[in-house]
Amino acid sequence: MTSASSGATANSGQSGTVPRDGTPASGGTPPSGARLALGLGAVALLALVAALLVGGGRYTPLPGGLPDAGAAVGWALPVVDAIALLAAVLCVGWLVSAAVLTPQGRHGVVSPQGRADLVRAAVAAGVWALAAVISIPLTLADALGVGLSDALARDTFATYGWSVTENVASAAGAVIALIVLVGAVTTSTVGLAGVWAVLALLGVAGTGLAGHAASYGSHDLALTSGVVHAAAAAVWVGGLAAMLLHGWRGDPGLPASVRRFGRLATGCVLALALSGLGNAWTRLDDPGQLLSTGYGRLVVVKTALLLCLVLVAATVRTRIAPTLATGAPRRDFLRWATLEIVLLATAVGVGEALTRTAFPRIEEPLATPAENLLGFAMPGPPTIGSVTLGWSPQVLWLAVAAVLLAGYGWGWLRLRLRGDHWPVGRLVSWLLGAGLLLWATNSGLATYAEVSLGYHMLQHMVLSMAVPILLVLAAPISLALRAIAPSPEGDRGPREWIVWAVHTPVAKALAHPVVALLLFTAGLYALYFSPLFAQLMQGHVTHVLMQGHFLLVGLLFYWIVLGVDPGPRDIPYWGRLILVLVAMVFHGFFAIAIMMSSTPLGDTWFAQVRPDWLVDPLADTYLGGGIAWGFGEIPTMIVLVTIAVQWARSEERLARRLDRAADRDGDAELAAYNERLARLGARHQRALDER
């Protein structure tokens, strides 16, 4: 019975018939991806409408003759947004399935199941793009309180269309969806499928940046939790939909796919729980509002759904999924997975309704316009204690530092338990780098960096030079390659993905010495000597992106220069020294240009948030230039010394290798060299004699 059913499963992957294992199907035909998407959409929309009615987010005419977009816009907008969100989630799920979950073909080519998933992802991306475009005029009409035809008027749309944050996010999502559509249709490799999956996931996560919490006081917590929540939900819902479809179709490799998805889903559950808690924290004043307000009641409903999902998912992962590998019938798996996906679709609908429901916490304006721009009270005069020991928690960077510490600690502990050696100095370097990252982004320095160019420049130097050097010297890629075991199924696992990423054409292009040097140095001039710097400082999201840019370009440059970890290019030591020296020259000119400035740098922003104790903006600019000059010298000297030591050790290793070779063959290489010199000498002597 077992062998027969497993054989039927293996042979039914592309036949379009259901194996004879008792699997229920409508009319004997497995559902298509379109029917599955329509079913999930119906469940999500029903949950959305019900949640809008329960939570009070449904359309109601505005009183007193206030401008009103009308019932058609009021009801169509959340429905269209829900369709866009569900299509984006399914797009992510099918791309993740093609890249990670389904069996892979030889030499990194997608399997037939993966190819079908890519086509499904392309269709979902098309629906996503269309719905996102339709939502733009609806959002504008809702924001202006005018009819849809008035919102589509040329002058109205040209004036106000892109001043609405949600419209910018929708347009960005539509562009990403179209790129993913073209990429999915033309892709035949697992690696590119992974690239499109990441891009689509970024598009989904971007929806968390446009919610009404984006303009709320707790910027960092609200935005971070929104992004994490959207991304985790997309992977869980989309991945489960893909697994359910493959299970209904009886595609081969289902046990391994479900096992891999189980690991992804576990991380998604944890991320959803933590980010949901963060969302509630930023929108509720006290726990009593969970029952006394419409928003709170929807939070309770969504929490109950999450708890039910955890129980169902635990049953599937612990009791049902292990039986698939033994050839047991898939009936139980399909029943439980169907229940799980229905609950998830319901949660998606409730979540979309939450974005349309007013939350009870009322934003209290701060004392001054400058503080309202910053989102926090103006800091007092800086002291050593307030700058170094102050605490200004930024959830995103706290999470990044925690992941860095946990990931490296896991790898180090795994090697220790296995009895392998790992240099203590590298561990210490990583701890210092992660700790310095935590300090630069969460201490008093982060607060003063938003009101003073001098302290901003200090934070910049720490993020782009000190932290990357310490992290790169810890050799995290080498540790990961030693700690992570190869994929047992022969497909591309975490270790194989790391190796692939290091040797991709994109990595090779970025690792080119000229490219890395330009990103590390020319970016300074393009940022600080243009209006871009002040514009990036004005938004929380853009400010975080700027900090991330500082860190990433520093990691790229020092990864190439120090050469501790494997990379796509092998640069000789003399070339590394030249790179460092050229970077030092460009950096020095940058610092001098700031110190010679006759006007305050970035004054478009700093003039709006200048504290009373900062009486001379030009002196603050000079301070920033001096910090850029003085701080850059110390890391540069450390890197130069490190490269010199590496070069010397490399020569010593080469000498020892040559000595060992000489001992083995009686110094045959030296004898051959002397013989060649003798022949040349004899030839020269004969030439002289002939004259």
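Predicted model: local features only at pLDDT ≥ 70, side-chain atom pairs only at ≥ 80, totals over all residues.
Modeller: Local features need pLDDT of at least 70 and side-chain atom pairs count only at pLDDT 80 or more, while totals for chains, interfaces and linings use all residues. Residues are numbered from 1 along each chain as its sequence is written, and side-chain values use heavy atoms, with hydrogens and water left out.

Biologist: Why is the aromatic pair of Phe-520 and Phe-557 called stacked?

Modeller: Rings of Phe, Tyr and Trp (its six-membered ring) pair if their centres lie within 6.5 Å; planes under 30 degrees apart count as stacked, over 60 as edge-to-face and the rest as tilted. The structure holds 15 aromatic pairs. For Phe-520 and Phe-557 the centres are 4.4 Å apart and the planes are at 0°, so the pair is stacked.

Biologist: What makes this pair a link between distant parts of the chain?

Modeller: Phe-520 is in helix α23 (residues 513-528) and Phe-557 in helix α25 (residues 540-562), 37 residues apart. Helices here are DSSP runs of H or I, at least four residues, numbered from the N terminus.

Biologist: How do you know whether Phe-520 is buried or exposed?

Modeller: Buried means under 20% relative accessible area, exposed over 50%, partly exposed in between (1.4 Å probe, protein chains only). Phe-520 has 8%, so Phe-520 counts as buried. Phe-557, with 2%, is buried too.

Biologist: Why is the pair of Tyr-528 and Phe-590 called tilted?

Modeller: The centres are 5.5 Å apart, and the angle of 50° falls in neither the stacked nor the edge-to-face range, so the pair is tilted. Tyr-528 lies in helix α23 and Phe-590 in helix α26 (residues 573-595), so the pair ties together parts 62 residues apart in sequence. Tyr-528 is buried at 2%, and Phe-590 is buried at 0%.

Biologist: What makes Arg-426 sit over the ring of Trp-422?

Modeller: The criterion is NZ of Lys or CZ of Arg within 6 Å of the ring centre and within 35 degrees of the ring normal. The charged end of Arg-426 is 5.0 Å from the ring centre of Trp-422. Arg-576 lies over the face of Tyr-573, at 4.6 Å.

Biologist: What makes a set of residues a nonpolar core?

Modeller: Such a core consists of buried Ala, Val, Leu, Ile, Met, Phe, Trp, Tyr and Cys residues joined through side-chain atoms within 4.5 Å. The largest has 97 residues, and those with the most contacts inside it include Cys-91 and Trp-128. Helix α3 (residues 71-101) gives the largest share, 18 residues.

How values were computed. Helix = DSSP H or I, 4+ residues; strand = E, 2+ residues; numbered from the N terminus.
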